[in-house]
Amino acid sequence: MVGRPPPLLIPVETPVHHATGLEERVGIGLVLKMEGASPTGTHKFRAAQAAFREAIRMQAPGVVAASCGSYAVALAWIAERLGMHAQLMLPEYSDALIRDSDLVRVFRRAPTYEDAVSDARAEARRSGFLDVTPHDKVRASIRRAYRDVWMELSAELRRNTDAVVVPVGNGTTLCGIYEAVALDRTVDLPRIYAAGVGGNAIFGELESKRDLAFEALYGVQPLDEAGVRDALAATGGAAVKCHPEAILDARIELQGTEGIDCYLPSAVAVAAALWLAEKGRLSARRKAVVVLTSGNERA
Ligand SMILES: Cc1ncc(COP(=O)(O)O)c(C=O)c1O
């Protein structure tokens, strides 16, 4: 049984939205990579697929993970689909909607995300399930899954990409995209910008108090910090720190001009792109891509 190839999980390919309303307002070329169009509404669906591929490859009967929410939602969805087990450790304040079932068990007893990470590690030792909380090996396979975000963009936009703006918590999404950019010989290297908030070591000090709405973006020691710094330096991009109020405004602006609703951790990339446009750092002719990690067009 060793080496059994993993079954093909559901292919995801998310659409590109041409943000003509925002383009007109700020005078730059702007598209949104709509990661919210995945089956569970965020880019974490790609990560969760990678996690299950790893579990299947290692012949684990299921996965355990700590998550603030979006990753757990995606893991639960895939577990049900594959008929595999998932044990999900959420902080007690998480409002993620996940149903317990024979296959999926949700625990909300950890006071913080960090406590949930310890619980997941202990549970994995007890159950023999694979701990797919993003660290070490699992993180590398998740980064590889995020390469597809760039592959899909590259196929659609060809040589027309000026910059890519990515929300950063751990930085894994950005690093995956950069891995693919660095391998892509068909395009000129776009600048990669990291969008984030204070309280994350990549962006500097937290100025106001920690807000649970931005939980996915904090991280005193982001796991892929070094990789993010390398990507920014290699492409001539930068880290753009956004104030919570600017993020709220960007989200409202996105609703008004494009009819798209997204979570606040995704709106940070819109806020960063608007700031870069204002500073004259994005092209009017070519396209800046905002990776909208969640968000759907309103029906
Ligand atoms: C919606 C959303 N956007 C962005 C991020 C940040 O992704 P990463 O940790 O890969 O930097 C997260 C992480 O939880 C998220 O849930």
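Helices here are DSSP runs of H or I with at least four residues, and strands are runs of E with at least two, each numbered from the N terminus. Please keep in mind that every view below shows a predicted model.

**View 1. The end of helix 7 and the glycine that follows.** Helix 7 spans residues 225-235. Just after this helix comes Gly 236, whose phi is positive, at about 80°.

View 2. Gly 227, Val 228 and Ala 231 are its buried residues to look for. They span an arc of only 100° around the axis, so they sit on the same side of helix 7. An α-helix has 3.6 residues a turn, which is why residues three or four places apart point the same way. Among the elements covering the buried residues of helix 7 are helix 6 and strand 8 (191-196). On the face turned away from the buried side, Ala 226 and Ala 233 are exposed.

**View 3. The shell around the ligand.** The ligand has 17 residues around it, and those that come nearest are Gly 169, Asn 170, Thr 172, Ala 216 and Thr 293. Helix 6 (172-183) and helix 9 (264-278) each contribute at least two residues to this shell. Sorted by class, the shell holds 10 polar residues, six nonpolar ones and one charged one. Because domain 1 (16-42 + 146-297) and domain 2 (44-137) both supply shell residues, the ligand lies between them.

**View 4. Where the two domains meet.** The domain assignment divides the protein chain into domain 1 (16-42 + 146-297) and domain 2 (44-137). Their C-alpha centres are 26 Å apart. At the contact, 12 residues of domain 1 meet 11 residues of domain 2. The side of domain 1 that touches domain 2 is made up of five nonpolar, five polar and two charged residues.

**View 5. The largest nonpolar core.** This core has 99 residues, and the ones with the most contacts inside it are Val 63, Leu 75, Val 165, Ala 195, Ala 272 and Ala 273. Helix 9 gives the most to the core, with 12 residues. Domain 1 and domain 2 each provide at least three of the core's residues.

**View 6. A closer look at Val 63.** Which residues does Val 63 touch, leaving aside those up to four places away in sequence? They are Ala 51, Phe 52, Ala 55, Leu 75, Ala 86, Phe 129, Leu 130 and Val 132. Leu 75 and Val 63 both belong to the group with the most contacts inside the largest nonpolar core.

Note on methods
Residues numbered from 1 in each chain as written. Predicted model: local features only at pLDDT ≥ 70, side-chain atom pairs only at ≥ 80, totals over all residues. Near = placed C-beta within 6 Å. Nonpolar A, V, L, I, M, F, W, Y, C, P; charged D, E, K, R; others polar. Domains from an automatic or database assignment. Buried ≥ 20, exposed ≤ 12 C-beta atoms within 10 Å, placed from the backbone. Arc of directions from axis to C-beta. Contact = placed C-beta atoms within 7 Å. Core = buried A, V, L, I, M, F, W, Y, C linked by C-beta atoms within 7 Å.
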